[in-house]
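Here is a brisk report on fold, surface and aromatic pairs. Look at the model first.

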Amino acid sequence: MRKIKRINWSLNLWLSYIPVAIVSLDFGWKCFVGFTIGAIGSELSLIMMIKDIEHLKLGGIRALKFGFLKRYTLSIIILGISATLSIESLVFAFLGLELLRLTLSTFARSGEI
């Protein structure tokens, strides 16, 4: 992976977050909050993945093991928080996690990050 200079947050925001967030408002505020929590979680997950890659380059193989653990623990916490609101919120939080994780990792592979 190339040297990481910047993350194009605005492009990801306009392509992924805003259209689905507008649709989630039609289902209610709990769905919107769940999707937003999922979106924040996917951004945090990407930041943790970038840090793990930097540690891996420095020879820290343990960063790979603990990196997976940290990211999936974050996902479980986010899904647990959204499940306390409603089942619909849980579904939209999962959608937010996976949709934005997909677009962010696509940007990471294309060299956008």
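## Fold

Helices (H or I, at least four residues) and strands (E, at least two) are DSSP runs, numbered from the N terminus. From that end, the elements of the chain read α-α-α-α. That is four helices and zero strands.

The model is predicted: local features need pLDDT of at least 70, side-chain atom pairs count only at pLDDT 80 or more, and totals for chains, interfaces and linings use all residues. Residues are numbered from 1 along each chain as its sequence is written, and side-chain values use heavy atoms, with hydrogens and water left out.

## Contacts and surface

Take contacts (heavy atoms within 4.5 Å). Of those in the chain with a separation of 6 or more, 68% join residues 24 or more positions apart.

The chain has 113 residues, and 35% of them are buried. Buried means under 20% relative accessible area, exposed over 50%, partly exposed in between (1.4 Å probe, protein chains only).

## Aromatic pairs

Rings of Phe, Tyr and Trp (its six-membered ring) pair if their centres lie within 6.5 Å; planes under 30 degrees apart count as stacked, over 60 as edge-to-face and the rest as tilted. The structure holds two such pairs. Y17 and F35 are stacked, at 5.4 Å centre to centre and 15° between the planes. Y17 sits in helix α1 (residues 9-27) and F35 in helix α2 (residues 29-57), 18 residues apart. Both Y17 and F35 are buried.

F27 and F92 have ring centres 5.4 Å apart and planes at 50°, so this pair is tilted. F27 belongs to helix α1 and F92 to helix α4 (residues 87-109), 65 residues apart. F27 is exposed at 58% relative accessible area, whereas F92 is buried at 11%.
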